[in-house]
Amino acid sequence: MAEHFPGIPVIPFEGPKSKNPLAFKHYNATEVVEGKSLRDLLRFSVCYWHTFRGTGSDPFGPGTLLRPWDDGTESVDNAVKRVDAAFEFIHKLSAPFYCFHDRDVAPEGATLAESNRNLDVVAKALKSAQDRTGVKLLWGTANLFSNPRFMHGAATSCNADVFAYAAAQVKKAIEVTHALGGENYVFWGGREGYMNLYNTDMKREIDHLARFMHMAADYAKAIGFKGQFLFEPKPKEPTKHQYDFDAAACLNFLRGYGLQDKVKLNIETNHATLAGHTMMHELEYSRIQGALGSIDANTGDLLLGWDTDQFPTDIYLTTQCMLVILKQGGLAPGGVNFDAKVRRESFEPIDLFYAHIGGMDAFARGTKIAAAIRKDKVLEDVVKKRYASFDDGIGKKIEDGSVSFVDLEKYMLDKGNADPNSSGRQELLENIINDYL
Ligand code: XUL
Ligand code: CO
């Protein structure tokens, strides 16, 4: 088999002193942190859409990225050849997983039947590449946003035929994900939202989305697909208002329609920041609701208001992510998927390696820093002490639900005033966190 990344070996771990740009400095796959190897804890995944279908085009100009293995056509042959390049890359990176949309891996045909046939041909190539390399599928998904038929949305389209098309497409994508041993299946609501409420029946659209999700869950059950369903929140882009705005909005929808036991969340950094949240907020909110399933690791540019999908290199960010992820004992069956793209100026194939190595090292470093903070119980002790007034006395009764407003009024009338507060010590804690970096 021809080599697509000649001269690049399987990326070794050389430790923090190494100056080799094609080596991991911090990601040592077998190193054990909190009882799990970094490989099993982080479950890194390479995304097919940016890494193998990204061209570097932007609204001002065409693609720039050199991808010598790709002949630039939308043919099934080219799609099958691309699989070899993709798996050589993922294997050389020692990433255990990958993710794809149906239309990333195989071209759309003139009819649904032709699209399904194309997908079957490429899925066969994916299966043999998985078997050959040991790389596994973290999740599959369906692209319900690129084709113009989805201009008004898919499950929330005003056009019933488009709803039906989307259902058929997701049915097939779940089947292929199942056949490839996918451990999760993602629903990012691509164009599920609206541009203007003057022409939108919001109630009907959201009801339709719920019908769609119940049908998807029923079908997965019917074919024995046991993978985890995940919603991926995003507040805007492409629509002005996306229905899956953030973790809280997603969970409200899922609970409102009886889907909370069927769907968890895939939290993406740049989506969190577009919603006006930090990634840590979205992760912690999902975790405390028992809904943190997986993450799309990337980062935005806080000076820009759109989804720049850059590779995560900031160790404050990865430390914050890992503080939450370690608290729930990891993400499995989810993982850390790099939904990130190289800049259009980073056009050489080797830039794909630099980008992923940097992201994997940043997460490995964040993991070790977060584990050290957790080991010393730096935050845990402060937080426990901060809420100690709820551990006994009146606080415990409030938490137990054994007191009413009447009881609390009597308690405070007798006491006269609340006990004094103590300092939140935010600056001290920020300094201490810096000591671990
Ligand atoms: C879009 C995005 C998607 C999902 C999968 O912003 O993040 O690529 O991750 O559809
Ligand atoms: Co994403």
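Which element gives the most to the lining of the largest cavity? Keep that in mind as you click around.

Before you start: this is a predicted model, with local features needing pLDDT of at least 70, side-chain atom pairs counting only at pLDDT 80 or more, and totals for chains, interfaces and linings using all residues. Residues are numbered from 1 along each chain as its sequence is written, chains are lettered from A and ligands numbered from 1 in the order in which they are written, and side-chain values use heavy atoms, leaving out hydrogens and water.

There are 2 cavities of 30 Å³ or more to visit. A cavity here is a set of points, on a 1 Å grid over the protein atoms alone, where a 1.4 Å probe fits but cannot get out; lining residues have an atom within 4 Å of a point. Points are joined across faces, edges and corners, and volume is the space filled by probe spheres set on them.

**First stop.** Select Leu144, Phe187, Trp188, Gly189 and Glu192: of the 20 residues lining the largest cavity, these lie nearest its centre. Strand 6 (184-188) and helix 7 (202-223) each give two or more residues to that lining. Strand 6 answers the opening question, giving the most with 4 residues. (Helices, H or I of at least four residues, and strands, E of at least two, are DSSP runs numbered from the N terminus.) The space inside is about 150 Å³.

**Second stop.** Now select Pro233, Lys234, Pro235, Phe245, Asp246, Ile267, Glu268, His271, Ala272 and Glu282, which line the second largest cavity. Strand 10 (263-268) and helix 9 (269-274) each give two or more residues to this lining. About 40 Å³ of space lies here.

Key: 1 Å grid on protein atoms, 1.4 Å probe; cavity = no way out; pocket = protein on both sides within 12 Å on 5 of 7 lines; lining within 4 Å.
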